[in-house]
Amino acid sequence: MLEERESKEPAMNLFQKNEFKETPFLPVSPEEVPPRPPSFPKKPSPKICGSNYPLSIVFIVVNEFCERFSYYGMKAVLTLYFLYFLHWSEDTSTSVYHAFSSLCYFTPILGAAIADSWLGKFKTIIYLSLVYVLGHVIKSMGALPILGGQMLHTVLSMVGLSLIALGTGGIKPCVAAFGGDQFEEKHAEERTRYFSVFYLSINAGSLISTFVTPMLRGDVQCFGKDCYALAFGVPGLLMVIALVVFAMGSKIYRKPPPEGNIVTQVVRCIWFAISNRLKNRSADIPKREHWLDWAAEKYPRQLIMDVKALTRVLFLYIPLPMFWALLDQQGSRWTLQATRMNGNLGFFVLQPDQMQVLNPFLVLIFIPLFDLVIYPLVSKCGINFTSLRKMAVGMILACLAFAVAATVEIKINEMAPPQPDSQEIFLQVLNLADNEVKVTVLGDENNSLLAESVKSFQKMPHYSKLHLKTKSQNFHFQLKYHNLSVYTEHSVEEKKWYTLIIREDGKSISSMMVKDEENKTTNGMTAMRFVNTLHEELNISLGTDTSLGVEEDYGVSAYRTVQRGEYSAVPCRTKNEDFSLNLGLLDFGAAYLFVITNSTGQGPQAWKMEYIPANKMSIAWQLPQYALVTAGEVMFSVTGLEFSYSQAPSSMKSVLQAAWLLTVAVGNIIVLIVAQFSSLVQDVIFLLVTWKKELYPP
């Protein structure tokens, strides 16, 4: 969450024009910048309990808490929404997630331009907050399963996310600066403390929302599925509260008028220098000491000198996009990784998208830890820990975090069962007859491809691999039961998982081939299906809005996914009776087959077989990578911003804010490109970004 910090310090008011007598910043041409409006009247503002803190900042801090809750709460479940509601691929989900994040850091330039040049901060916040709320409403509508099909859901989601990006990015440079405007100059110390409280509200909103919204998604069922509409709707409600609270303080705010946008002047100065240099390429024209000196015909010397200093600082921003490319994958690739891990910590069960809560939580711990303990200890050891060295160590820690993430990913893949390749299938046999059956798979020349004896209700330890000659093929099976030999034929397709179910058929036996779930389950949830051996149709209630129907006489149900948990009394109903089944523990990522029988005289029972094993690796193994990347964030992001501000001329600080936000946007674009066009598997993507060399010297 430290990318937010740039707009939380008094000297860091994004795009707010700074007043310095020695830097007039007026271009030679009067048409370049309109005359400055007069300073806003410094009317007295009500104070908090007799202190020097204006009452108006209460509304601003509460507004920021609710807005950050809204943004990070929505974003916490966004990747899984793409993956499991819109049914996009992992690469597409990652790409759109980072495209949205990138857009959120491009739009602050637009918001700052509107505030500085046209509406002022107060009206900009109000108007763009309305756009923000509208985006949440449309986004929540796009998560309602009953509203249209996937195309409509996709359109609503993209429109909603675009409006949210405009809203959150547009108000980003205005809110903190507007809070700073509420203080009188003589209360600079109180203003500094206000920015600390403001920054705390950001991380508090992020911390709570990142923990709560995944629970709303996973623990509440809507229309028989995860409740993404509620998970998006609650953040939308918080944004409405943020807008209402902010508007309530309207009469007591100090509202400075628009002051003009310094960023525009800098861009025009650089553009004029480049174009003027290209126009004067003749060898007869004397060379100038610096390429920016070619702007001297139109812009004042002081502005040109400050822009020169700015370009030197911007050189240090070159590795920033790669850092953000690493950091921002916590909400995409790391969340996807968590879906294939076991969230049971013993004392608590974590949802995959709740792991993101570690970042704001560790930020709140690491900032005072580094400032009060680690940095002083390093200094006492006689080590000159300069800003550049801190930043270099921060980048190294971020790279180490992704090396750890890659190691975890490799271990997860090692624990997973193998996948069938081209012209291969995986087959297991389920014998529901009352005695042992010998199964032989015959080739085209009656040669044996697979032969095994399967006992009644025997749980097979693994699938058997069979090779195909084409993408689809018919296999012949010989089933020996008692003294009978039954021949049957079944068609299969490559890269699929199959179960051959053998059942009694009078005094003989018969078989049916069913396609199994692929060797993965969604969102760390449990997948299950049922085989009903009863002579009546069965309806099973799994705690969702709709029941699962299974036809009589060996009917096989569709798959249903549920949350991990203990299912000791699942309500069931046939035409003649109601009863419950004990399904036991259904674990993370596992897939189960339940056979409903009634052969014991104790009523219907569920025989359970786990054919896709549960996620074995604990989600706690992600803690080291979160700790490393957050430590790197504290050392790199905070130090880098403070260092660049100390080195840049005072008049250029707002331009640096624009450049800083743009590096966040570019970092997300890097991940977007890598995810969209890379054919590598996920662990190789992790390694790819860690191989990028940091550009800061130690």
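How many salt bridges does a search of the whole structure find? The search finds 10, a salt bridge being a side-chain nitrogen of Lys or Arg within 4 Å of a carboxyl oxygen of Asp or Glu. The model is predicted, so local features need pLDDT of at least 70 and side-chain atom pairs pLDDT 80 or more, while totals for chains, interfaces and linings use all residues. Residues are numbered from 1 along each chain as its sequence is written, and side-chain values use heavy atoms, without hydrogens and water.

Take K121 and D181. Their closest N and O atoms are 3.3 Å apart. K121 sits in helix 4 (residues 121-141) and D181 in helix 5 (residues 150-181), 60 residues apart; helices (H or I, at least four residues) and strands (E, at least two) are DSSP runs, numbered from the N terminus. K121 is buried at 9% relative accessible area. Buried means under 20%, exposed over 50%, partly exposed in between (1.4 Å probe, protein chains only).

R529 and D516 form another salt bridge, at 3.4 Å from N to O. R529 lies in strand 11 (residues 526-532) and D516 in the loop between strand 10 (508-515) and strand 11, so the pair ties together parts 13 residues apart in sequence. R573 and D578 also pair, at 3.1 Å. Both R573 and D578 are exposed.

Now the nonpolar cores: sets of buried Ala, Val, Leu, Ile, Met, Phe, Trp, Tyr and Cys residues joined through side-chain atoms within 4.5 Å. The largest has 109 residues, where L78, Y81, F82 and F100 touch the most other members. A second, separate core of 23 residues includes V439 and M460.
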